[in-house]
Amino acid sequence: MSRPLGATDVLKYVNAGSPARRTRVVRDIVERTGAYEPALDFWMPIRSAIRSDRATTRDGARVRGAAARANPRRRPSYERVALAWDRVHPRWRAARHESTTPADARLVDLLVEVRPTFAERRPDGILEVVGTWLLAEELTPVAFDLGLRMIERAFPGAVAVVCDLQRERVASSEGWDLSGVDDLLVDAATALSDEVG
């Protein structure tokens with residue numbers, strides 16, 4: 001494979017459910033060649049706008065602007081995300097933006113790259129590391145848990161947060177012991193890695 005598995009790859013694989021849909025996820029991963037190409041990433045402009053919004057104005061304007069500037073193919077999806085973002089982002093009103101970089105979640109002998117969308121330091125000093133799910137397919141409860149656990153393992157000591165933005169669902173690891181999903185997470189990531197080759 002030309003690049004390591006990412007947390008989104010694992011979530012897409014788990015979320016796919018059926019073997020036929022998982023095969024398509026695997027095919028999409030295998031077909032990616034070479035370095036990351038932003039021009040081919042459907043969600044990159046809106047994801048960048050979310051990051052920029054958190055680091056600057058913190059009012060959703062950059063996300064709404066990205067939706068307004070989107071080409072006709074992207075605009076309906078981006079507008080749904082922008083509307084949802086306006087209702088979700090106040091969760092972090094009292095927090096302050098923290099820089100973050102990708103980190104690996106070690107799953108036995110496998111590393112999965114976790115690229116959070118942003119991180120916020122709450123007034124109580126706790127760091128929340130946030131991953132966003134932008135796709136049209138609803139994130140399943142199991143996928144939510146696995147997403148949270150990958151963030152926890154990549155960013156020890158932080159509270160993991162996963163947002164399924166199109167449905168305005170936000171889940172947090174705070175107060176939960178997610179170690180019970182470790183075997184499932186390792187099994188899913190290993191199966192995906194084996195299929196990708």
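Predicted model: local features only at pLDDT ≥ 70, side-chain atom pairs only at ≥ 80, totals over all residues.
View 1. The axes of H6 (residues 141–154) and H7 (residues 182–196) come within 10 Å and cross at roughly 95 degrees. Axes are lines fitted to C-alpha atoms, for helices over the stretch in contact, with angles from 0 to 180 degrees between N-to-C directions. Val142, Leu146, Arg149, Met150 and Arg153 in H6 meet Asp182, Leu184 and Leu185 in H7 (contact: heavy atoms within 4.5 Å). By class, this contact has 5 nonpolar, no polar and 3 charged residues. Helices (H or I, at least four residues) and strands (E, at least two) are DSSP runs, numbered from the N terminus.

**View 2. Helix H1 is mostly covered.** In H1 (residues 7–16), 8 of 10 residues are buried (under 20% relative accessible area; exposed is over 50%, partly exposed in between; 1.4 Å probe, protein chains only). Ala7, Asp9, Val10, Leu11, Tyr13, Val14, Asn15 and Ala16 are the buried ones. They pack against helix H2 (19–31), strand S3 (110–114), strand S5 (127–133), H6 and H7. Glycine 17 follows H1, with a positive phi near 80 degrees.

**View 3. Trp92 sits in the largest nonpolar core.** Of the 65 residues in this core, Trp92 and Leu165 touch the most other members. A nonpolar core is a set of buried Ala, Val, Leu, Ile, Met, Phe, Trp, Tyr and Cys residues joined through side-chain atoms within 4.5 Å. H6 gives the largest share, 7 residues. Leaving out residues up to four places away in sequence, Trp92 touches Arg54, Arg58, Trp85, Phe118, Glu120, Glu128, Val130, Val161 and Cys163.

**View 4. Arginine 47 pairs with aspartate 41.** Arginine 47 lies in helix H3 (residues 44–55). A polar contact of 2.3 Å joins the two side chains (N or O atoms within 3.5 Å, one able to donate a hydrogen and the other to accept it; residues adjacent in sequence count only if both atoms are side-chain atoms).

**View 5. Valine 108 has a positive phi.** Its phi is near 60 degrees. Valine 108 lies in the loop between strand S2 (103–107) and S3. At 54% relative accessibility, valine 108 counts as exposed.

**Notes.** Residues are numbered from 1 along each chain as its sequence is written. Local features need pLDDT of at least 70, side-chain atom pairs count only at pLDDT 80 or more, and totals for chains, interfaces and linings use all residues, while side-chain values use heavy atoms, without hydrogens and water.

Key. Nonpolar A, V, L, I, M, F, W, Y, C, P; charged D, E, K, R; others polar.
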